[in-house]
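Please open the structure in a viewer and keep the selection tool at hand.

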Amino acid sequence: MKLRGLPPGYGRMNNCVVRNSKGKMSVACIVLMALCCLSLAAAVSSEMFMMSPFYGQGEGGSTTVTVPATGNPSGVASYAEQLGDVSASTGRTDTNTGVLPEERVLAAISSGEYPVTPGDVYSLSYVDGQTPVLNELQVDGSCAVSVPGVGMVDGSGLTYAQMKTAIENLVLMYHPYSIPQCRLVGTGVFSVVVKGEVSSTQRVPAWGLSRLSSVVGLATPYASTRSVEIQRRDGTSSIFDLYKAMRNGDLSQDPLLAPGDIVILKKASRIITLEGEVYRPGTYQILPGQQLSALLDVYGGGLLTSADTSKIRVERYDSTDGTWDAMFVNSRTDGSYQLQNLDKVVVEKVVPTTQSVSIEGAIAVNRSTTTNTDSVSFLTNATTSKMFYQFYPGETVLDMLRAVSYRFNTTSDLSAMYMVREGQMIPFDAQKILYGDGAGGDVKLLGGDRFVVPFNQMFVTVSGAVVSPGTFAYVPDRPVSYYLALAGGISADATKPNSVKITDTAGNTLDTDSIVPPEAVITVARNTFSNDISKTVAIVGLVSSVVTIIATVVTILVNTNVISK
């Protein structure tokens, strides 16, 4: 099929001119050209548009990206907070010396499990015939009590109630009908050694109702809550899980302490922080074999209905370069994802919509992170660029700056950066914000925000008798010949010999052999005499030409008798 206006061998399809099967251009070439155009468009688009690293890649599997730290490697909740015991976070032992003596006596009497403790004081009263007898008895270091005129009572392994009955029965054996009455009037106090993963090894005061959880106020955040050892005076030892005791109410894992006990706090194997859309966010020490699904379902109590199950963010600290890596995993398909010590798991809300902000000015949008931004070619060709940044809901200015920081270069004046929001200009010292001591880093991004990064590049002006006078980017330690070359060299109308003048910002004239400072002005003198002569010759030639033309016209008119002689 031939079309009018086109050479033979061409056809038209969808308003695009292509050759038919008889032409020289094949369909394969057309497809190849189209693919090249698409790839080029995609490359440009990917450079002009950037997505926040807080977004995952795809619906399944894990993707690793470097993200700004939302925490730090030492930002682990305190030992007390991991157990849910707020009182212990201050080192307070509310069942030890913080309780008044009379309160301890009442607590011991009302408790059915208060053990006989060295130092306990009993008051014993009975009637010997018609003579009332009142004795004060004290439990010795072996938990035995001596009753004057009666005998000894061994209280090892007995509770107060059992010891009270044993003493009264002993008195009745020797004094029937004496109506003996034994009661507790004072409780003993002892100390236990606490060592291991603590701020310092110390002896902590305790009494008969002191439990293991009451003496761990000195534990560091990295001490294990799942494996706490108690070594008894008789040489035996046992391991207890304080998490089960404090979180699940299993008191068998929080035993009473006894004189001579040594408490050893071990280092935790895996401490995981859980945040976001779960029922029980917090810091947990998960057991061997437990992974992501156990953290979310068992420890976190399950996901809320607002949770985005397809993109669970796992932040992992890399001590080699001091950065955090974020792994985006799917809780439905990656429940067995292997968690590591000090990981931080964040369950985000489902994102209904996405928004973007623009960043323009002294930024690079068409370069890789390996570009040398200090090179001469880069400095002299730096131009204003613009890109769009799609931010994650709740993301802050600091988060954005860290994500795009590799796009800043030596021409970026970060201290003069500002944001335009609803027509109002808000200044930001991005340099201080990135260093961690600037205000405004916690401002949340809003769709339509516009960030401007001014240039801080200094310039050198070249004027006079040069091919292309203008202003050029300043490059340190360059002589005058460098800037003359940028201006295309000295032009033909320069004075002979050449006269070059360098003036600094204060108006001082500098030696032409010196290094050109920033903001200097380089002037090459012109040969004004030759310029004036050429202008004069041009004017004289123009006048002569006009006179010759007039004389010629007059001669023609006279010869044709148009005018008389």
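Select R313 and E348, which form a salt bridge with their closest N and O atoms 2.7 Å apart; the term denotes a side-chain nitrogen of Lys or Arg within 4 Å of a carboxyl oxygen of Asp or Glu. This pair links distant parts of the chain, as R313 belongs to strand β17 (residues 307–318) and E348 to strand β19 (residues 344–349), 35 residues apart. Both R313 and E348 are buried; buried means under 20% relative accessible area, exposed over 50%, and partly exposed in between (1.4 Å probe, protein chains only). Helices (H or I, at least four residues) and strands (E, at least two) are DSSP runs, numbered from the N terminus.

The model is a predicted one, in which local features need pLDDT of at least 70 and side-chain atom pairs count only at pLDDT 80 or more, whereas totals for chains, interfaces and linings use all residues. Residues are numbered from 1 along each chain as its sequence is written, and side-chain values use heavy atoms, with hydrogens and water left out.

Next, select R316 and D343, whose side chains meet in a salt bridge (2.7 Å, N to O). R316 lies in strand β17 and D343 in the loop between β18 (323–329) and β19, so the pair ties together parts that are 27 residues apart in sequence. R316 counts as buried at 17% relative accessibility, and D343 is buried at 1%.

**Second stop: a pair within a helix**

Move to helix α4 (residues 160–174), where E168 and K164 are four residues apart and thus separated by about one helical turn. Their salt bridge brings the closest N and O atoms to 2.9 Å. E168 is buried, with a relative accessible area of 13%, while K164 is partly exposed at 23%. The count of salt bridges comes to eleven.

Which residues have the most contacts inside the largest nonpolar core? Select I359, Y389, M400, L401, L445, F451 and V453; the core has 25 residues. A nonpolar core is a set of buried Ala, Val, Leu, Ile, Met, Phe, Trp, Tyr and Cys residues joined through side-chain atoms within 4.5 Å. At least two residues of this core come from each of β20 (355–361), β21 (385–391), α8 (397–404), α9 (430–435) and β24 (450–453). Helix α8 gives the most, with six residues.

Display the open sheet of five strands in the order β26-β25-β29-β27-β28, with mixed pairing; two strands pair if DSSP finds at least two bridges between them. The edge strands, β26 (470–473) and β28 (509–510), each pair on one side only. Strands β27 (residues 500–503) and β29 (residues 521–524) pair in the antiparallel sense over four bridges. Select I502 to find its bridge partner in β29, I522.

**Last stop: the whole protein**

Zoom out to view the eleven helices and 29 strands of the protein. Buried residues make up 40% of its 565 residues. Among contacts between residues at least 6 apart in sequence, 61% join residues at least 24 apart.

Note on methods:
Contact = heavy atoms within 4.5 Å.
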